[in-house]
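Visitor: Could we go through this structure together? I would like to start with the terms.

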Amino acid sequence: MSKPEASSEASSEAKPEPGAKPKSTPKPQSGDNRRGAIAGLIIAILILGVGWWLARDLTSASKMQDCLMSGRSNCNVIEPAR
């Protein structure tokens, strides 16, 4: 190809012909992006909640086990009346 041919091809791609319909670019679906982000946020919150619950449960079980292993017999937690 010579230079004039290459420049004419490039200019024909850049400018659509007057009678031709312009090519429409596909629009990104913003609803899908938001749904994925919200789903990820909900999953992350659920994982954090389960982790928090599990940590509290394991901590209380560990305290009970430490109490029992030390030989005490009254290891139940007594909460004061309000």
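Predicted model: local features only at pLDDT ≥ 70, side-chain atom pairs only at ≥ 80, totals over all residues.

Visitor: Then is Leu58 buried or exposed?

Guide: Leu58 has a relative accessible area of 52%, so this residue counts as exposed.

Visitor: Where is the place of Leu58?

Guide: Leu58 belongs to helix H2, which covers residues 30-69. The protein chain has two helices and zero strands.

Visitor: And which residues make the nonpolar surface patch?

Guide: Leu58 contributes to that patch along with Val50, Trp52, Trp53 and Leu54. The patch has an area of about 580 Å².

Visitor: What about the surface of the whole chain?

Guide: The protein chain has an accessible surface of about 8,200 Å², and carbon and sulfur atoms account for 61% of that. Of its 82 residues, 2% are buried.

Visitor: New topic: how many disulfides does the count come to?

Guide: The count is one disulfide. Cys67 and Cys75 are joined by this link, with a distance of 2.0 Å from S to S. In general, a disulfide is a covalent bond between the sulfur atoms of two cysteines.

Visitor: Are those two cysteines buried or exposed?

Guide: Cys67 and Cys75 are both buried. Their link is left-handed, with -85 degrees about the S-S bond.

Terms used: Residues numbered from 1 in each chain as written. Heavy atoms only, no water. Helix = DSSP H or I, 4+ residues; strand = E, 2+ residues; numbered from the N terminus. Buried < 20%, exposed > 50% of the residue type's maximum accessible area, 1.4 Å probe, protein only. Areas by Shrake-Rupley, 256 points an atom, 1.4 Å probe, with all protein chains shown as cover. Disulfide = S-S within 2.5 Å. Patch = residues over 30% accessible without salt bridge, like charges linked within 9 Å, V, L, I, M, F, W, Y side chains within 5 Å. Salt bridge = Lys/Arg side-chain N within 4 Å of Asp/Glu carboxyl O.
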